[in-house]
Amino acid sequence: MTEVTPPVVLSIGGSDSSGGSGLQADLRTFAAVGAYGATVVTAVVAKNTRAAADVLEMTPPVIAGQLKAVLDDLPVAAVKTGMFASADGIGEVLARAKAGALPNLVVDPVLLNEGIKSRRQIAMALERLLPYALVATPNREEASALLGWQVATPADMAQAARELVSGGPQYVVVTGGDLVVGTEALDAVWAAGEERYMSAPRITARNVLGSGAVFSAAIAARLAHGDAVVDALTYAKGLVGRAIQDASDWRLGSGPGPIDVCGWSAPVI
Ligand SMILES: Nc1ncnc2c1ncn2[C@@H]1O[C@H](COP(=O)(O)OP(=O)(O)O)[C@@H](O)[C@H]1O
Ligand SMILES: Cc1ncc(COP(=O)(O)O)c(N)n1
């Protein structure tokens with residue numbers, strides 16, 4: 001059945017001037033999944049497909065003002081958080097999460113390496129936000145930073161997911177986009193007390209920019225549509241794989257470019 005009004009998903013994160021990741025990727029993903037996207041900008045990142053040049057942080061009052069404007073008005077059904085430039089910015093989101101105002105919260109604990117002054121403080125603030133998340137989606141490096149040990153192997157990823165669940169979120173996916181295990185793209189999932197892996201064919205592709213953003217945004221969008229969490233995870237895994245595949249011939253920028261979440265280059269069957 002077609003919904004009359006699309007479900008609203010709120011993305012809280014950074015603007016990526018290249019358009020490949022961050023809020024821009026989230027909005028494309030929401031559109032591709034049939035959800036309406038609202039945004040809270042936490043930072044403006046000057047970057048292209050080669051490197052990030054500069055990060056302009058939004059102040060906590062600016063973040064709080066955007067949160068208030070959206071949450072006072074729109075029927076937000078799911079929320080995704082991405083990049084933050086400071087721990088104080090996360091504090092504003094945490095206050096709303098504690099007040100129960102952020103339904104179906106998906107936390108992608110983005111920890112950028114370039115242009116960020118206080119990575120450790122951001123990681124600690126994200127740890128405080130995680131108990132309010134329904135789903136968390138760290139990649140291996142982010143899981144390592146959150147837990148303080150090196151998440152290397154698939155067994156480590158499963159252990160990391162289990163440890164992060166004990167810190168609060170009900171579901172944790174440790175993504176392994178950069179892990180080469182045979183021909184598989186492997187993610188470790190801790191879901192409803194059970195450990196499992198999600199696996200899909202690994203695509204040899206140079207364009208993988210925004211894969212993590214698309215994955216977590218698709219989860220939030222499907223949750224907004226009313227999917228059970230495991231169904232939303234399965235959907236997102238399929239979508240990101242297809243998007244990487246369909247963008248494999250794209251030449252947008254001279255570094256790793258964006259992925260085809262909208263299916264513009266999908267084969268016509
Ligand atoms: N080359 C690839 N082929 C297939 N799936 C991939 C590939 N790279 C990443 N993925 C998938 O994309 C999702 C995002 O993972 P990842 O790339 O680890 O996130 P991030 O961008 O945060 O580092 C995961 O489901 C991962 O398995
Ligand atoms: C502004 C900004 N920059 C980078 C990322 C990480 O992107 P990904 O991990 O999905 O490639 C992000 N979520 N937001």
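I looked up the burial of α7 first: 14 of its 14 residues are buried, so the helix is largely enclosed by the rest of the structure. Buried here means 20 or more other C-beta atoms within 10 Å of a residue's own, exposed means 12 or fewer, and partly exposed lies in between, with C-beta atoms placed from the backbone. Helices (H or I, at least four residues) and strands (E, at least two) are DSSP runs numbered from the N terminus.

I noted that this is a predicted model, in which local features need pLDDT of at least 70 and side-chain atom pairs count only at pLDDT 80 or more, while totals for chains, interfaces and linings use all residues. Residues are numbered from 1 along each chain as its sequence is written, and chains are lettered from A and ligands numbered from 1 in the order in which they are written.

I checked the length of α7. The helix covers residues 211–224, 14 residues, and reaches 20 Å from first to last C-alpha, close to the expected 20 Å (1.5 Å times one less than the number of residues). Just after α7, Gly226 has a positive phi of about 100°.

The core holds 75 residues, and Ala161, Val214, Ala218, Ile219, Ala220 and Ala221 touch the most other members. Its largest share, 10 residues, comes from α7. Ile219 touches Val106, Val135, Ala232, Leu233 and Ala236, leaving out residues up to four places away in sequence; contact means C-beta atoms, placed from the backbone, within 7 Å.

I listed the ligand shells next, counting a residue when its C-beta atom, placed from the backbone, lies within 6 Å of the molecule. Ligand 1 has 19 residues around it, with Asn139, Thr175, Gly177, Ala185 and Gly212 nearest. β8 (184–191), α7 and α8 (229–246) each supply at least two residues of that shell, and α8 gives the largest share, four.

Ligand 2 is surrounded by 15 residues, the closest being Gly14, Ser21, Gly22, Gly212 and Ala213. At least two residues of this shell come from each of β1 (8–16) and α7.

I finished with Leu102, in the loop between α3 (87–98) and β5 (105–107). Leu102 counts as buried because 26 C-beta neighbours lie inside 10 Å. Beyond four places in sequence, Leu102 is in contact with Val79, Arg96, Ala97 and Tyr132. Leu102 and Ala77 are 25 residues apart in sequence but 8.2 Å apart in space, C-alpha to C-alpha.

Conventions: Core = buried A, V, L, I, M, F, W, Y, C linked by C-beta atoms within 7 Å. Contact = placed C-beta atoms within 7 Å.
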